[in-house]
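Student: Please take one part of this model and go through it closely. Then set it beside the rest of the chain. Keep it brisk.

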Amino acid sequence: MAHIAGALTSVQAVMETRTAQGAIAWAVSLNTIPYAAVPAYWAVGRTKFEGYVKKRQDRIDETSPFVRQFIDSAKKDFPDPDQDIEAHFLERLIRLPTTRGNDVQLLRNGEEIYSSIFRGMESAEDYLLVQFYIVRDDDLGKKLQQQMLAAAQRGVRVKFLYDQIGSRKLPHSYLDALRQSGVKVHSFISTRDRFRPFQLNFRNHRKIVVVDGRQAWLGGANIGEEYLHADPKLSPWIDAMVKVEGPAVQAVQVPFLEDWYWTSGDIPDLDWAPQAASTGKSRKVFVLPTGPADRFETCALYFLHMINNATHRLWIASPYFVPDEQIVSALQMAALRGVDVRILIPENCDNFMVNLSGWSYVAELEKAGVEIYRHTNGFLHYKALLVDDSVSAVGTANFDNRSFRLNFEITLEVEDEEFAQEVKEMFLHDFADSRLSSAKELEERHFIFRLAVRVARLFAPIQ
């Protein structure tokens, strides 16, 4: 029976696996070691979140009117007068508009990030949307809980969404206290579809806070004391988020609406009428929600597009650097074009396999002129991109296969020289706390370590 199951599953793997190499690997393993390979394939082998896709398609008529209202208003009241090829590509990729009339603030590290978010939560009058991948029941987690409880007591409609796997240690008592006070609480569970109970490989990695449809926060930070330098092994924790005001806030609400609808079947009453930022700033912003339910491999295509568009600078920061071959080739071509390509990663990663895999890319990138910097002062956790002098992006997506294809992510792209300069200064500050890595380092390591690096690379598609 196991071999029959393996044979049948291998047919599906051949039909659905993205690459020929992946299809061959799954087909061979499913037919030779089906006892291990069959459950592994059903748990981590697929790259499309079928249940989410089906629900989005079946009931899109219920959510699209609200999204369409925002899109029509944004294009009418906050149009992009420089509707260039870049903006046209992004809008076709995501079906959300590029908008002006936004203000974006770069927030650096835990104290600044959480004080900004909590001040925003305290100002909520109508509704509060809170979504995190990891929420812990520690001092910081309790502060978030108290903010939601206080908002609910003021009559604010509070909706809290967390990832079931990322927040698996969150106790029922934490959630019960919220529910008893009127907070609507749901977990994002990729296995909730009864016909697809084994989709364990998908994560909702988004971190979003929205206040009254007027302010939004997104970026790399979760809710845990380690982000406030409480981790004895990795501290200080280096992270970044962005606060945005303006019509882009409604674009941030779109992925929350879809995620909330997937988990609850409920469509919340949100403000879909965009307004200009109160500061008077008019920065050009594009919100990029990506995930395994998209028509295309949206996250990977976006990063490919950014790499190919760079003319003289391409700086990338990511705690998890495990790209696929097309990304590696694009980085090599950018460096060969004369672009200053720098990759900033942590010296010590909290994921052992990712840390090993990262070493496997040094030689092939180094020979093309790509520089890989290893941050030595704490754990660098933010995800950011700087292209030339005016385009930058901050979000939740890492530079790895999991973010490219398996995780639900969100990225904010800003086309503004002043904001790009802030991002540049952040990079320069962290380059100063880094060392330039080289292929020679790996060559001088013990054979066992070099073998472990190559073996870890084999598991890159699911890291």
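Tutor: Contact here means heavy atoms within 4.5 Å. Keep in mind that this is a predicted model. Start with the whole chain. Of the contacts between residues at least 6 apart in sequence, 81% join residues at least 24 apart. The chain holds 18 helices and 20 strands. Its C-alpha atoms fill a box of roughly 60 × 55 × 45 Å along the principal axes. A compact globule of 463 residues would have a radius of gyration near 23 Å, and this chain agrees because its value is 22 Å. Buried residues account for 59% of the 463.

Now the part to look at closely: helix α8 and its two partners described here. Two packed helices are described by the angle between their axes and the distance between those axes. Helix α8 spans residues 139-153, and helix α7 spans residues 109-122. Their axes are 9 Å apart, at an angle of about 20 degrees. That makes α7 roughly parallel to α8, because angles under 35 degrees count as roughly parallel. The crossing of this pair is left-handed.

Which residues make the contact? From α7 come Tyr114, Phe118, Met121 and Glu122. From α8 come Leu140, Lys143, Leu144, Gln147 and Met148. By class, that contact has 6 nonpolar residues, 1 polar and 2 charged.

Turn to the other partner. Helix α9 covers residues 172-180. Its axis lies 10 Å from that of α8, and the packing angle is about 15 degrees. So α8 and α9 are also roughly parallel to each other. The handedness here is right-handed, whereas the crossing of α7 and α8 is left-handed.

On the α8 side of this second contact sit Gly141, Lys142, Leu144, Gln145, Met148 and Leu149. On the α9 side sit Tyr174, Ala177 and Leu178. The classes are 6 nonpolar, 2 polar and 1 charged. Look at Leu144 and Met148 in particular. Both meet α9, and both belong to the contact with α7.

Helix α11 (residues 298-309) and helix α12 (residues 325-336) have axes that come within 9 Å and cross at roughly 10 degrees. The two are therefore roughly parallel to each other. Ala300, Phe303, Leu304, Ile307 and Asn308 are the α11 residues involved. They meet Gln326, Ile327, Ala330, Leu331 and Ala334 of α12. This contact has 8 nonpolar residues, 2 polar and no charged. The contact of α7 with α8, by contrast, includes 2 charged residues.

Next, a strand residue. Arg342 sits in strand β13, residues 340-346. Is Arg342 buried or exposed? Arg342 counts as buried, because its relative accessibility is 19% and the cut-off for buried is under 20%. Beyond its neighbours within four places in sequence, Arg342 contacts Leu314, Trp315, Ile316, Glu371, Tyr373 and Phe431. Leu314 is 28 residues away along the chain, yet the two C-alpha atoms are 6.5 Å apart.

Compare His88, in helix α6 (residues 85-94). His88 is partly exposed, because its relative accessible area is 47%. Between His88 and Ala310 there are 17 Å, C-alpha to C-alpha, and they are 222 residues apart in sequence.

Finish with the backbone. Most residues other than glycine have a negative phi, and most peptide bonds are trans. Arg95 is not a glycine, yet its phi is positive, about 70 degrees. It lies in the loop between α6 and β1 (99-108). Arg95 counts as exposed because its relative accessibility is 53%.

Asp212 also has a positive phi, about 55 degrees, without being a glycine. Its loop runs between β6 (208-211) and β7. Asp212 is buried, because its relative accessible area is 15%. Pro236 belongs to the loop between β7 (215-219) and β8 (237-238).

Technical notes: Residues are numbered from 1 along each chain as its sequence is written. This is a predicted model: local features need pLDDT of at least 70, side-chain atom pairs count only at pLDDT 80 or more; totals for chains, interfaces and linings use all residues. Side-chain values use heavy atoms; hydrogens and water are left out. Axes are lines fitted to C-alpha atoms, for helices over the stretch in contact, and angles run from 0 to 180 degrees between N-to-C directions. Helices (H or I, at least four residues) and strands (E, at least two) are DSSP runs, numbered from the N terminus. Angles under 35 degrees count as roughly parallel, over 145 as roughly antiparallel, 65 to 115 as roughly perpendicular and the rest as oblique. A crossing is left-handed if the near helix is turned anticlockwise from the far one by less than a right angle, and right-handed if clockwise. Ala, Val, Leu, Ile, Met, Phe, Trp, Tyr, Cys and Pro count as nonpolar, Asp, Glu, Lys and Arg as charged, and the others, Gly among them, as polar. The radius of gyration is taken over C-alpha atoms; the globule rule is 2.2 Å times the number of residues to the power 0.38. Buried means under 20% relative accessible area, exposed over 50%, partly exposed in between (1.4 Å probe, protein chains only).
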